[in-house]
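Please look over the sequence and the fold before reading on.

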Amino acid sequence: VQLQASGGGLVQPGGSLRLSCAASGNIFSSNSMEWHRQAPGKQREFVAQIFAAGSVRYPGPVKGRFVISRNNANNTVYLQMNALKPEDTAVYYCALSQRGDRYWGQGTLVTVSS
């Protein structure tokens with residue numbers, strides 16, 4: 001399984017950005033797709049998760065600002081990030097979990113700064 005993330009960049013505080021991640025390879029219908037992030041000097045943290053049936057999960061810091069969605073037809077997951085804050089600055093990684101395995105994409109840098 002390979003994942004290719006894109007869409008990162010520089011955005012001002014309060015702005016929006018949309019990340020995309022396309023998965024390819026041996027993908028089973030029952031899986032979850034996720035976004036994680038790692039800020040400089042910090043551990044990687046979970047951002048959002050969406051299951052194949054559409055249910056979603058967000059931790060506290062991004063709930064209400066970020067929206068995860070997916071297109072099962074082309075195995076792509078999206079992360080719409082709104083009301084961005086400087087503390088959202090991080091490398092964002094997409095992941096796909098299936099049958100006990102987790103596969104990672106290469107990461108895309110999001111910088112929130114004026």
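Two strands are said to pair if DSSP finds at least two bridges between them, and the strands themselves (E, at least two residues), like helices (H or I, at least four), are DSSP runs numbered from the N terminus. By this rule strand β2 (residues 9-11) and β11 run parallel and are joined by three bridges. This is a predicted model, in which local features need pLDDT of at least 70 and side-chain atom pairs count only at pLDDT 80 or more, while totals for chains, interfaces and linings use all residues. Residues are numbered from 1 along each chain as its sequence is written, and side-chain values use heavy atoms, with hydrogens and water left out.

**Pairing around β11**
- Val 11 has Val 112 as its bridge partner in β11.
- β11 also pairs with β9 in the antiparallel sense, over three bridges, and here Ala 90 stands opposite Val 110.

**Pairing around β4**
- Strand β4 (residues 32-38) is antiparallel to β5 (residues 45-51) over six bridges, with Met 33 opposite Ile 50.
- The hairpin of β4 and β5 has six residues between the strands, and Gly 41 takes a positive phi near 75° in it.
- β4 is also antiparallel to β9 (residues 90-98), over seven bridges, and Trp 35 stands opposite Cys 94.

- Six of the seven residues of β4 are buried, meaning under 20% relative accessible area with a 1.4 Å probe and protein chains only (exposed is over 50%, partly exposed in between).
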